[in-house]
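The sequence and the model are shown first, and the description follows.

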Amino acid sequence: MRTRFWRQRTNIISATLTLIASLLLTGCLGNDEEDWNGKNISGLMPELEFDLINSQGELVSG
């Protein structure tokens, strides 16, 4: 009797988690249009130039 209770409880929890996951993943669906709120600033800012030193002490340019 207890085994049946726990099996039913597990099925309910499993179904609930599946439903929640599917509802959360629907937010990942969207249209293919790019409707970002950004602005193209190419040409307005200077090119980024920098030098880094890695963990071995070697110069890394970017």
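The model is predicted. Averaged over the chain, the pLDDT is 82, with 85% of the residues at 70 or more. Among the elements, helix 1 has the highest mean pLDDT and strand 2 the lowest, as the table sets out.

| Element | Mean pLDDT |
|---|---|
| helix 1 | 89 |
| strand 2 (residues 59–61) | 80 |

The next topic is the surface. The chain has 62 residues, and buried residues account for 0% of them. Its accessible surface amounts to about 6,700 Å². Carbon and sulfur atoms hold 59% of that surface.

Which residues make the nonpolar surface patch? Ile13, Leu17, Ile20 and Leu24 make this patch, with an area of about 410 Å². One of these residues, Ile13, lies in helix 1, which covers residues 2–25. Why does Ile13 count as partly exposed? Its relative accessibility is 44%, and partly exposed covers the range between the limit for buried, under 20%, and the limit for exposed, over 50%. Ile13 is therefore classed as partly exposed.

Terms used:
Residues are numbered from 1 along each chain as its sequence is written. This is a predicted model: local features need pLDDT of at least 70, side-chain atom pairs count only at pLDDT 80 or more; totals for chains, interfaces and linings use all residues. Side-chain values use heavy atoms; hydrogens and water are left out. Patches are made of residues with over 30% relative accessible area and no salt bridge: like charges are joined within 9 Å, nonpolar side chains (Val, Leu, Ile, Met, Phe, Trp, Tyr) within 5 Å. Accessible areas come from the Shrake-Rupley method with a 1.4 Å probe; for residues, only the protein chains shown count as cover. A salt bridge is a side-chain nitrogen of Lys or Arg within 4 Å of a carboxyl oxygen of Asp or Glu. Helices (H or I, at least four residues) and strands (E, at least two) are DSSP runs, numbered from the N terminus. Buried means under 20% relative accessible area, exposed over 50%, partly exposed in between (1.4 Å probe, protein chains only). pLDDT is the predictor's confidence in each residue, from 0 to 100.
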